[in-house]
Amino acid sequence: MLGEFVYSNPTRLHFGRKALDGLAQELRNYGKNILLVYGGGSIKKSGIYDSIVAILKAEGKNITELPGVMSNPTSEKLIEGAKLARENNIDLILAVGGGSVCDYSKAVSVSAYYDGDPWDKYFLRMEEPECKIIPVGCVLTMVGTGSEMNGGSVITNHAQKLKIGHVFGDNVYPKFSILNPEYTFTVPQYQMVAGCFDIMCHILEQYLSGTDDNTSDYISEGLMKSLVASSRIAVKNPTDYEARSNIMWTATWALNTLIAKGKTTDWEVHMIGQAVGAYTNATHGMTLSAVTLAYYRHILNDGLKRFARFAVNVWGVNPEGKSDMELAEAGLKALESWMREIGVVMSLKELGVTPEMYEGIASATFLLEGGYRKLTHEEVIEILKESM
Ligand code: NZQ
Ligand code: ZN
């Protein structure tokens, strides 16, 4: 049953091969001072940087560059960006990159005019911004997180060994996002499949909660089927436009809040994955793939009917003559074989986790109640062991 909710999404999307044509018009809504935020240099190699700078110049903008945003952006880098944005009186933050660059730009947008430590305020104390917020626009180059159309911002504090996401409200969502699937052709295969698994995990974290009949779950099933079909094509042919465009669109809808409507939502895989990330700095999607199967085996019996439905409706398992448990197990097997087929990381050992880290990772894992069962600290340790 859907119950009460408010739905709105303020991000305007420009999608397709000509999506960048929409940038000039968007820029006219903002002042002259643009903070151009990007990562380690992939946009320079691909030529996206040159195209964007040319548009910014043609629109008469002053450009302040903020390069070097790392995967899993850090609290130190956030302070650097906030200072730069304030000193240059920035009117628009233009994020060009993947989830890390988009997330980081949102964090900068709420931190530039906050006088204290943004890590403490937004990520430890989970407070909302009261200061001026600088608008953000995105040009997406790597697909998976959904950051292009949501308020999520995940920051890592290496000194405290914590990786924490804050889901901000409408006022922090990107005002616009440019989504050209061709930009994703150059993403390394490892990152591409990590992104595909991130998408699957986002959908599952929402789908695997509740026992009611809910439209959101039917949408989720469609998104998962599209993702499985397109990812199979994209791993063999990364420049297949149809597959890459479907993956891009699926990623956006997987985490722009639509399929969470009427759901309690789980997010425990992400909680464990983020704690693993804090200890290893591993690629986000791979921290999820490494722990997913062990976690789902722990809660299989608690969410039995939904796991059985997942097997039938997403993987096409024939239900005839099978118990719910047999179906649920067949669904997990199908998920596992797709994971192996696209080539995601299947063990924490591969990400550099060692037994000495178990206790720390488990302590850094937030235990949530929205899924089929709240885990205990000891169970998280068991899951980590089973994921090695
Ligand atoms: O830094 P550059 O040189 O640009 O290279 C990047 C980076 O090394 C590269 N890349 C991106 N686009 C490329 C490309 N290489 C070649 N061609 C291109 N077109 O890919 C690497 C990974 O990029 P990154 O942005 O780190 O990946 P992703 O999009 O997976 O973002 C990961 C971050 O997002 C957070 C994660 O925790 C992690 O910190 N998440 C954000 C969420 C949200 N906002 O809602 C939800 C997610 O669950 C996730 O937690
Ligand atoms: Zn994710």
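A salt bridge is counted where a side-chain nitrogen of Lys or Arg lies within 4 Å of a carboxyl oxygen of Asp or Glu. The structure is a predicted model, in which local features need pLDDT of at least 70 and side-chain atom pairs count only at pLDDT 80 or more, while totals for chains, interfaces and linings use all residues. Residues are numbered from 1 along each chain as its sequence is written, and side-chain values use heavy atoms, with hydrogens and water left out.

The chain is divided into domain 1 (12-183) and domain 2 (189-386), with bounds from an automatic or database domain assignment. The centres of the two domains, taken over C-alpha atoms, are separated by 27 Å. Domain 1 contributes 27 residues to the contact and domain 2 contributes 24, contact meaning heavy atoms within 4.5 Å. About 2,200 Å² is buried between the domains, 64% of it from carbon and sulfur atoms; buried area is the accessible area (1.4 Å probe) that two parts lose on being put together, summed over both. Val143, Lys161 and Lys163 supply 26% of the area that domain 1 buries against domain 2, more than any other three residues.

Arginine 17 forms a salt bridge with glutamate 182, with 2.7 Å between the closest N and O atoms. Arginine 17 is in the loop between β1 (12-15) and α1 (23-27), and glutamate 182 is in the loop between β8 (176-179) and α7 (189-207), so the pair ties together parts 165 residues apart in sequence. Helices (H or I, at least four residues) and strands (E, at least two) are DSSP runs, numbered from the N terminus.

Notes
Chains lettered and ligands numbered in written order.
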